[in-house]
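Here's a quick tour of one protein, starting with a helix pair and ending with a couple of single residues. Have the viewer open as you read.

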Amino acid sequence: MSRATLGLLGLLLVTGGSWAQPPSPGVILSEARVAEVADRVEALGTLRANESVTITATVTETISNIHFEDGQQVAAGDVLVEMTSREQHARLEEAQARLAEAEQQYQRVKSLEATGSASASLLDERRRDLRAARATLAAIESQLADRLIKAPFAGVVGLRNISLGALVEPGDLITTLDDDRSMKLDFPVPSLFLPSLKPGLAIEARSPALGNRSFKGEVSSVASRIDPVTRTVQVRARIDNPERALRPGLLMQVELLRDPREAVMVPEAAILQRGSEHAVLVVEEGADGAMTAERRPVEVGLRRPGEVEIVAGLKVGERVITHGADKARPGQPVQVLAIDDGSRPLAELLAQPASNSVDTMERIP
């Protein structure tokens, strides 16, 4: 009898006449869960104030008073600059006196006309004088208003570009005014995504100038035209700015959250790839209580750091192997070492007793 045959017989005697089963491989599982996901489109955008205007003069006159400082917050209607208006005030007093005289003459002739002591034509003449006096007064008041430069809306003024006593002309820059309580963010998006662009889509924006702090907003409008050169469409989003941290003109890195949805997510380590096909090893408990692995083909979708979206092939709550899949075989029992819920590091999961891991799995509904 050969040595190989003797060795085989000896092995059968040691194992009680049956082949010894190899130990079940130890694996770590993770449960498929539901998460909010969205396709992210990256772009660069420029911030604009919700309302922005350049404050200029409308008449040629000297500055008599300045009521603001650089960077000051002002309310709508606040007087920013006064211009010399002594002549207009004198003419205003004259116009007010003429209006009072015209009003008295009209009332006197009106009472005489009622008794037949004055003609209707004289009453029409006094009525015309009264209307002319009112128009003259309104014109002078308008000239005075042109010499008071007021804030058209609430916001923050920029740098002051004039001094007391300076002569300004129409179009001369006095300062700027921005409503920075809410900001507009304009950015281009490839026209390929045009069908899914609509108001209300969420965006996240950050800038290195602000330490990559994240600001959230939503799309308010989409341009009606596509750029024929870049084949992009301009999208405008609004971002609340209660802390006044954002400034007009700031370059922002934008992520447009397109097609938001609820998706089945599993750890990236659970995906087994062979060519263009993807699969996972699903662990289920059999009738005898043994944990066995089953290879399940799946369709993957969105990928994000550490996670993969499962489009088809897996249900919420099913458990897949994330560590030890290289040793597990479909249809064979496995030993569950731990359940990974993402709250503990891998070293800690491997350090806990295997029996506790199985008990934990059985208690999870």
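## A helix and its buried residues

Which residues of α2 are buried? They are Gln88, Leu92, Ala95, Leu99, Ala102, Tyr106 and Val109, where buried means under 20% relative accessible area with a 1.4 Å probe, protein chains only. These buried residues pack against α3, and contact here means heavy atoms within 4.5 Å. An α-helix has 3.6 residues a turn, so residues three or four places apart point the same way.

A word on the ground rules: this is a predicted model, so local features need pLDDT of at least 70 and side-chain atom pairs count only at pLDDT 80 or more, while totals for chains, interfaces and linings use all residues. Numbering runs from 1 along each chain as its sequence is written, and side-chain values use heavy atoms, with hydrogens and water left out.

## How α2 and α3 meet

Helix α2 covers residues 86-115 and helix α3 residues 120-146; their axes come within 8 Å and cross at roughly 160 degrees. (Axes are lines fitted to C-alpha atoms, for helices over the stretch in contact, with angles from 0 to 180 degrees between N-to-C directions.) That makes α2 roughly antiparallel to α3, the label for angles over 145 degrees. The crossing is left-handed, meaning that the near helix is turned anticlockwise from the far one by less than a right angle. By class, 14 nonpolar, 6 polar and 10 charged residues make up the contact of α2 with α3; Ala, Val, Leu, Ile, Met, Phe, Trp, Tyr, Cys and Pro count as nonpolar, Asp, Glu, Lys and Arg as charged, and the others, Gly among them, as polar.

With 30 residues, α2 reaches 45 Å from first C-alpha to last, close to the 44 Å expected at 1.5 Å a residue (1.5 Å times one less than the number of residues). Just after α2, glycine 116 takes a positive phi of about 85 degrees.

## The whole chain

The protein has 5 helices and 19 strands, taken as DSSP runs numbered from the N terminus (helices H or I, at least four residues; strands E, at least two). Of its 365 residues, 36% count as buried.

Glutamate 307 sits in strand β17 (residues 307-312) and counts as buried because its relative accessibility is 15%. Beyond neighbours within four places in sequence, glutamate 307 touches Arg33, Met265, Val266, Pro267, Glu268 and Leu302.

Lysine 327 lies in the loop between β18 (319-323) and β19 (335-339). At 58% relative accessibility, lysine 327 counts as exposed, a label for values over 50%. Lysine 327 and glycine 26 are 301 residues apart in sequence, yet 8.3 Å apart in space, C-alpha to C-alpha.

Definitions and conventions. Parallel < 35°, antiparallel > 145°, perpendicular 65-115°, else oblique.
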